[in-house]
Every structure is written in C-alpha cells, then in structure tokens.
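Look at the structure first, then read the points below.

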Amino acid sequence: WEFNGSFYQPSAFLMMGIPGLEALHPWISIPFCALYLSALLGNCVILFIIRRTPSLHEPMYYFLSMLAITDLGLALCTLPTTLGLFWFDVRSIGFDACLTQMYFIHILSFIESSVLLAMAFDRFIAISHPLRHPAILTQSTVLKIGLAIVLRGMLSLLPIPFLLKRLTYCGKTELSHSFCFHPDIMNLACADIKVNVFYGMIILLSTVGMDFIFIVLSYILIIRTVVSLTTKEECLKALNTCVSHICAVLVFFIPMIGLSMIHRFGKNVPPLVNTLVAYTYLIIPPALNPVIYSIKSTHIREALLRALCRKR
C-alpha cells in the first residue's frame with residue numbers, strides 16, 4: 001500500500017478467473033487459446049487479403065480493415081493477463097498497469113463502436129445513393145473518418161485514469177475479471193465515486209449509445225430504400241450486403257450493453273454470469289468477425305481462395 005496522509009492506493013490488484021472453476025483453469029484455457037488464435041490469425045488474414053487485392057480498395061473494405069485492426073488490439077489487450085492467469089495463476093497486476101490496460105480496452109471498444117457506425121453509413125450510401133457513393137466516400141474522407149474515430153475515443157476517455165487515481169482505495173483489491181474494467185476498479189474505492197459514475201455514464205451514452213442509435217436509424221433508412229426496389233431479387237441482393245455488418249453489430253453491442261447493465265445495476269447477478277458476459281464481450285467479437293465476413297463476403301472469400309491457390 002502507498003500511504004500519504006489519509007490517501008491509500010493499492011500497489012496492485014488481484015484478477016479473478018471463472019468463479020468456482022479455478023481448478024479447471026488449465027482445461028478452460030484451451031477454448032480461450034482457440035478463440036485468441038482465431039482472432040489473431042483471422043484478422044491478420046483479413047488485413048493481408050484487403051492489402052493485396054486492389055479490387056477491395058474501396059470504402060467498405062477500408063472500414064473492415066479498421067474493424068480488424070481494432071479487434072486485433074482488443075485481443076492483444078486481454079490475452080496476456082487472461083492466459084497468464086489460466087496457465088500460470090498470475091493474478092497480480094500493478095495499479096498503473098491495470099489503469100493502462102483499462103484505458104486501451106475502453107478506447108478500442110469505443111473505436112469498434114464508431115467503426116460499426118461508419119460501416120452502417122457506408123451501407124446506407126451504397127444502397128440509397130449508389131451513383132454518388134464513390135464521390136461521397138473518397139479515400140481522403142475515409143481517412144478523416146478513421147482519424148476522427150480514434151481521436152474521439154482517446155480524448156473522451158483520457159480523464160478516466162486520472163479520475164481513478166484520485167480515489168482512495170481500501171479493503172478488497174480483487175477484480176471481477178482477468179482484465180481491468182472501469183466500473184470494476186471504481187467499485188473497489190471507499191471514496192465518493194459520484195464523479196466517476198456520472199462521467200462514465202455520460203461518455204458511454206454520448207459515444208456508444210449514440211452510435212447504436214444512429215446504426216438503428218441507418219438500417220431503418222436502408223429498409224425504406226430496399227422496400228421501394230422493384231424486384232424481389234434486388235431487395236435480397238441489397239440486404240445480403242448488410243448481413244455481415246448486422247451480425248457484427250449484434251455480436252458486439254448485445255454483450256457490451258449486458259455487461260454495462262450488470263456492472264451498474266446487477267448487484268445480485270451471480271459472479272459466473274458477470275464473468276461469462278465479460279469474456280463474451282471482449283473475446284467473441286474479435287474471433288467471430290473475420291469468420292462472419294469470410295463466409296458472407298463473396299469478394300473476400302474469392303480473394304482468399306486466389307491467394308491460397310497462388311501459394312499452392
């Protein structure tokens with residue numbers, strides 16, 4: 001403990017694995033390794049295919065590249081502490097290291113939310129205004145959107161680590177997960193955390209909450225456009241281009257909303273449920289997104305097959 005008058009700050013936090021299943025952690029690590037391997041290899045393959053295929057150098061796949069980079073970052077943020085705990089029972093993480101991990105996890109989550117919104121906007125323009133799509137989403141515009149997404153995430157979350165460092169901690173130092181999460185750290189403090197709660201809620205609603213609302217509005221407009229198409233084949237073709245994105249949105253937002261609600265209002269929720277939702281939120285999307293896009297995107301699938309044939 002670091003002592004400064006009445007100010008106490010733990011030198012480290014203790015991470016938790018899966019409650020009640022600690023003896024099975026080595027076996028549980030096997031599916032986690034498979035998910036992390038899928039996330040790392042799958043997203044690297046997506047980036048490689050898009051980079052090496054000139055026909056994929058268009059806004060939809062630029063945004064998909066941003067999504068893949070974000071998913072890689074999320075997987076790499078949680079992999080060391082999660083597998084370190086499951087394999088070697090390394091539970092301790094330094095206070096500053098915990099705040100750093102938390103900051104990057106939240107930044108990447110906010111970036112992924114914003115990228116999914118940008119992809120929804122791209123689908124709306126492509127379906128509603130196909131002739132104007134290349135003029136609206138030029139390479140420079142996509143680059144500016146990507147830069148704005150990163151800056152919004154970094155700047156909006158910058159005060160969070162400093163708000164946590166000002167708090168006095170006492171008693172428990174055990175986190176609920178094998179990674180650091182803002183509400184989890186905040187609830188270990190024995191000081192007034194109203195500022196942290198208020199700021200966290202405002203930032204969450206004004207970023208991820210607004211992103212989700214605009215994604216829903218984009219699809220309402222897309223459906224209106226699709227309904228007005230003359231033939232059933234055109235409707236199905238237009239909707240088919242959105243299936244991968246819809247799956248990615250559901251895989252990301254459902255666990256994220258569930259975890260946020262559990263941390264803020266679910267005091268009586270069993271710890272096992274909290275843990276499973278957290279792992280679903282941070283590990284499943286990076287592992288599934290490359291699979292979803294490889295299966296549903298004909299262009300990526302064909303480019304991948306061509307790359308494999310060239311190697312053979």
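A cavity here is a set of grid points where a 1.4 Å probe fits but cannot get out. The model is predicted. By this rule, it holds three cavities of 30 Å³ or more. Rolling a probe the size of a water molecule over the atoms shows where empty space is left.

**Largest cavity**

- The volume of the largest cavity is about 180 Å³.
- Its lining is made up of 15 residues.
- Nearest the centre of the largest cavity lie His106, Phe110, His182, Leu204 and Arg264.
- Four elements are listed as giving two or more residues each to this lining: α3 (95–128), α7 (182–186), α8 (194–227) and α10 (243–265).
- The top contributor to the lining of the largest cavity is α10, with four residues.
- By residue class, the lining of the largest cavity has ten nonpolar, four polar and one charged.

**Second largest cavity**

- The second largest cavity has a volume of about 50 Å³.
- Met60, Met119, Asp122, Arg123, Thr241, Ser244, His245 and Tyr293 line the second largest cavity.
- Two or more residues of this lining come from each of α3 and α10.
- With three residues, α3 supplies the largest share of the lining of the second largest cavity.
- The lining of the second largest cavity splits into three nonpolar, three polar and two charged residues.

**Elements to follow in the viewer**

Notes: Residues are numbered from 1 along each chain as its sequence is written. This is a predicted model: local features need pLDDT of at least 70, side-chain atom pairs count only at pLDDT 80 or more; totals for chains, interfaces and linings use all residues. Side-chain values use heavy atoms; hydrogens and water are left out. On a 1 Å grid over the protein atoms alone, a cavity is a set of points where a 1.4 Å probe fits but cannot get out, and a pocket is an open set with protein on both sides within 12 Å along at least five of seven lines; lining residues have an atom within 4 Å of a point. Grid points are joined across faces, edges and corners, and a volume is the space filled by probe spheres set on the points. Ala, Val, Leu, Ile, Met, Phe, Trp, Tyr, Cys and Pro count as nonpolar, Asp, Glu, Lys and Arg as charged, and the others, Gly among them, as polar.
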